[in-house]
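Hi,

Here is the structure I promised to pass on.

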Amino acid sequence: MQFKNQESESVFMKKVVELIDAAICFVYNSSGQVLIGKKRFGLEQGQIVFPGGKMEVNELPSACCVREVLEETGIFLAQIKPKHIVKMYRIHLGQIIICHVFESSSFIGKIQDESHELSDIYFADIDQLPIEKMAPEIGLVYPELFSSKRHYYEFCYANETLVIKTKSELFSL
């Protein structure tokens with residue numbers, strides 16, 4: 001195949017897409033509230049988030065979830081259950097993010113008020129989450145995120161504008 005503009009070809013061929021694998025967890029207390037905190041730095045700096053983060057090389061999503069929750073909150077998840085898979089294509093940033101969402105109501109330890117990565121860590125009522133302070137994808141699928149069903153979501157952005165949103169149901173485990 002011959003390109004008319006050799007300069008365009010070299011720029012196109014050099015474009016690299018960054019694949020980011022992550023895991024988060026909906027940690028519930030005995031009252032059914034979910035654990036949240038304010039992100040201190042990184043991709044979601046300043047936003048309210050569920051505990052979690054990026055996977056390390058060769059790390060399983062479940063192991064990442066347990067490790068990140070421990071690092072960010074001080075609690076050890078005794079049991080976790082897969083909930084959702086969220087895939088985000090951020091074309092304008094050259095990123096594909098795959099986020100594995102887990103849930104747990106079984107943990108050991110005392111939750112810290114803050115950590116190196118999160119501040120203002122607390123349990124919130126699901127119907128009173130500060131959605132406007134969270135990632136935009138949360139608002140697009142709230143409150144069904146907390147239903148009994150498992151979902152696979154895809155969001156595609158171009159120039160920070162959502163252009164495609166899809167959803168399919170996953171089989172329950």
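First, a term: I call it a salt bridge when a side-chain nitrogen of Lys or Arg sits within 4 Å of a carboxyl oxygen of Asp or Glu. Before the findings, two housekeeping points. This is a predicted model, where local features need pLDDT of at least 70 and side-chain atom pairs count only at pLDDT 80 or more, while totals for chains, interfaces and linings use all residues. Residues are numbered from 1 along each chain as its sequence is written, and side-chain values use heavy atoms, with hydrogens and water left out.

On to the salt bridges. By that rule there are 9 of them. Glu56, Glu59, Arg67, Glu68 and Glu71 are joined in a network. Within it, Arg67 and Glu56 meet at 3.7 Å, N to O. Arg67 belongs to helix H2 and Glu56 to the loop between S4 and H2, 11 residues apart. (Helices are DSSP runs of H or I with at least four residues, strands are E runs of at least two, and both are numbered from the N terminus.) For burial, I use under 20% relative accessible area for buried, over 50% for exposed and partly exposed in between, with a 1.4 Å probe and protein chains only. Arg67 is buried at 18%, whereas Glu56 is partly exposed at 46%.

Lys39 and Glu117 have their closest N and O atoms 3.6 Å apart; Lys39 is in strand S2 (residues 34-39) and Glu117 in the loop between S6 and strand S7 (118-124), a separation of 78 residues. Lys39 is buried, at 13%, and so is Glu117, at 15%. Lys167 pairs with Glu144 at 3.2 Å, bringing strand S9 together with the loop between helix H3 (136-141) and S8 across 23 residues. Here Lys167 is partly exposed at 45%, as is Glu144 at 25%.

Now the sheet. It is open, with 6 strands in the order S4-S1-S6-S5-S8-S9 and mixed pairing (strands pair if DSSP finds at least two bridges between them). The edges are S4 (52-54) and S9 (161-170), each pairing on one side only. S8 (residues 150-158) runs antiparallel to S9 over 9 bridges, and Phe155 has Lys165 in S9 as its bridge partner.

Finally, helix H2 (residues 61-73) lies across S1, S4, S5 and S6, at about 105° to S5. Contact there means heavy atoms within 4.5 Å; axes are lines fitted to C-alpha atoms, for helices over the stretch in contact, and angles run from 0 to 180 degrees between N-to-C directions.

Cheers
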